[in-house]
Amino acid sequence: MSTTLQNDLLIRAALSQHTERPPVWMMRQAGRFMPEYWEIKNKYSFLEMCKTPEIAADVTMLPVDLLGIDAAILFSDILVTAEAMGGNLSFEQGVGPRFSNPVRSAADIERLSTDCLGKLQYVADAIKVIQQRLNGTIPLIGFAGAPFTILSYLVEGGSSKDFKMTKLLLNNEPQLAHKILQKIADVTVDYLNMQIAAGVNAVQLFDSWALALSWNDYQEFAHQYNKYILSKINRTVPVISFCKGSSVFAPIMAEANPDVISVDWNADLKNIKQMLPHGIAVQGNLDPFVLYAEKGVIRSKILQLFERMRGENGFIFNLGHGIMPDIPFDNVKYAIEVVKEFRY
Ligand code: CP3
């Protein structure tokens with residue numbers, strides 16, 4: 001595990017230990033802002049890429065080889081659990097993810113399978129191939145979508161701007177919502193345990209759309225299930241908890257006992273860190289739009305964040321959310337160089 005890694009900065013920071021500089025990786029680092037991604041993507045569909053371990057490993061390795069980041073993240077998607085449960089998933093260019101059989105009634109929920117780990121075996125296979133390629137250099141991060149965020153895709157049938165159908169369900173039929181959330185939570189426990197057994201060095205739980213919820217609804221429909229997952233998984237690797245909305249929800253997120261909270265770009269990261277119980281690290285939180293700017297601006301905004309975090313153990317540099325597909329590759333590379341040259 002971590003002790004055998006050549007570069008274990010991410011693991012040490014996640015465990016709130018001292019590091020000589022902040023480790024760096026970026027959400028959506030294995031993706032469309034890289035021309036090399038398109039060379040592969042033009043030959044296969046997105047789901048084919050996820051489901052073919054050699055291809056998933058090729059894409060996972062792109063930012064490792066081209067950007068020199070401190071951690072790799074498994075190439076997959078949060079929605080593969082929902083597909084394994086029975087969601088009829090497709091990814092269309094320009095449309096994003098779609099489920100042609102949205103889950104809206106008690107009968108739809110009944111049909112969702114929780115005995116579906118076998119359908120996700122390709123992920124365990126990909127992890128083994130990736131670990132062979134990484135060969136102990138840097139950690140590999142596994143991940144899953146959190147129940148509320150997955151529920152929103154299943155109920156809406158795809159991405160949503162306002163989560164109208166999801167909120168109708170939460171408000172009018174909370175007992176049905178709880179049934180789906182519990183099913184997703186149980187699958188997520190099995191799925192993350194499978195990834196940990198297959199050899200990932202850390203895991204991240206993505207609750208991307210928690211921002212849509214009120215304080216009370218976040219506790220009832222998101223936090224409760226994330227806490228359940230974190231209490232059930234095999235805690236032999238650090239767990240990172242991400243949500244958009246973490247600037248507000250961080251104190252609740254901490255009650256689920258993650259090793260790291262990944263913070264969106266709204267909050268002052270040091271304030272969040274100091275508010276959290278001792279021993280919970282933070283990850284974040286550069287506004288990804290900074291990476292469109294001139295290099296001097298990119299540099300000064302990163303250094304400004306590092307000055308603010310000076311003296312804090314338990315800090316992983318990342319963006320507040322994922323890299324946008326049209327961010328210039330050179331800017332991402334430059335940002336990573338700035339981090340890697342920095343010393344506390
Ligand atoms: O971070 C990485 O590079 C690892 C791979 C990864 C992908 N998706 C690849 C992907 C990870 C960790 C995800 C997580 C994910 N997927 C989240 C949580 C993170 C976040 O951004 O909040 C969410 C909400 C999804 C759902 C999803 N998948 C959407 C909304 C879309 C389409 C629109 C978009 O933002 O990309 C996808 C497709 C997807 N997932 C692509 C990639 C590289 C694009 C596929 C393509 O080339 O068309």
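The protein chain of this predicted model is built from 15 helices and 9 strands. Its radius of gyration is 19 Å, close to the 20 Å that the globule rule gives for 344 residues, so the chain is as compact as a globular protein of that length. Taken along the principal axes, the C-alpha atoms of the protein chain fill a box of roughly 55 × 45 × 40 Å. Of the 344 residues in the protein chain, 48% are buried. When contacts between residues at least 6 apart in sequence are considered, 72% of them join residues at least 24 apart.

In soluble globular proteins, nonpolar side chains tend to be buried together. In this chain the largest nonpolar core holds 114 residues, and the members that touch the most other members are Leu74, Ile141 and Val203. The element that gives the most to this core is helix α10, spanning residues 174-198, which supplies 9 residues. Ile141 illustrates how separate parts of the sequence meet, for, leaving aside its neighbours within four places in sequence, Ile141 is in contact with Ala71, Ala72, Ile73 and Leu74, and also with Val200, Ala202, Val203 and Gln204.

Leu154 counts as buried because it has 26 C-beta neighbours inside 10 Å, where the cut-off for burial is 20 or more. Beyond the residues within four places in sequence, the contacts of Leu154 are Ala82, Gly87, Phe99, Pro102, Val103 and Ile180. Leu154 and Leu89 are 65 residues apart in sequence, yet their C-alpha atoms are 9.5 Å apart in space.

The record annotations can now be laid over this picture. An unreviewed UniProt entry gives the annotation "domain: Uroporphyrinogen decarboxylase (URO-D)" to residues 23-32 and 141-157. Over residues 23-32 the chain is 0% helix and 0% strand, with its end C-alpha atoms 23 Å apart. Over residues 141-157, by contrast, the chain is 59% helix and 29% strand, and the end C-alpha atoms are 28 Å apart. The unreviewed UniProt entry also places the feature "binding site" at Arg28, Gln29, Ala30, Gly31, Arg32, Asp77, Tyr153, Ser208 and His321.

Two of these annotated positions, Ser208 and His321, can be followed in detail. Ser208 sits in the loop between β5 (202-207) and α11 (215-232), and it is buried, with 22 other C-beta atoms within 10 Å. Apart from neighbours within four places in sequence, Ser208 is in contact with Thr149, Cys243 and Lys244. His321 is found in another loop, the one between β9 (315-319) and α15 (329-341), and with 20 C-beta neighbours inside 10 Å it counts as buried. Not counting residues up to four places away in sequence, His321 touches Met27, Lys244, Asp264 and Pro288.

The surroundings of the ligand complete the tour. The ligand is surrounded by 22 residues, of which the closest are Ala30, Gly31, Gly96, Phe206 and Ser208. By class, this shell around the ligand comprises 11 nonpolar, 7 polar and 4 charged residues. Among the closest residues, Ala30, Gly31 and Ser208 are also positions at which the UniProt record places its "binding site" feature.

Definitions and conventions:
Residues are numbered from 1 along each chain as its sequence is written. This is a predicted model: local features need pLDDT of at least 70, side-chain atom pairs count only at pLDDT 80 or more; totals for chains, interfaces and linings use all residues. Helices (H or I, at least four residues) and strands (E, at least two) are DSSP runs, numbered from the N terminus. The radius of gyration is taken over C-alpha atoms; the globule rule is 2.2 Å times the number of residues to the power 0.38. A residue is buried if 20 or more other C-beta atoms lie within 10 Å of its own, exposed if 12 or fewer, and partly exposed in between; C-beta atoms are placed from the backbone. Two residues are in contact if their C-beta atoms, placed from the backbone, lie within 7 Å. UniProt positions are given in the numbering used here, feature names are shortened, and annotations may be inferred rather than shown by experiment. A residue is near a molecule or strand if its C-beta atom, placed from the backbone, lies within 6 Å of it. Ala, Val, Leu, Ile, Met, Phe, Trp, Tyr, Cys and Pro count as nonpolar, Asp, Glu, Lys and Arg as charged, and the others, Gly among them, as polar. A nonpolar core is a set of buried Ala, Val, Leu, Ile, Met, Phe, Trp, Tyr and Cys residues joined through C-beta atoms within 7 Å.
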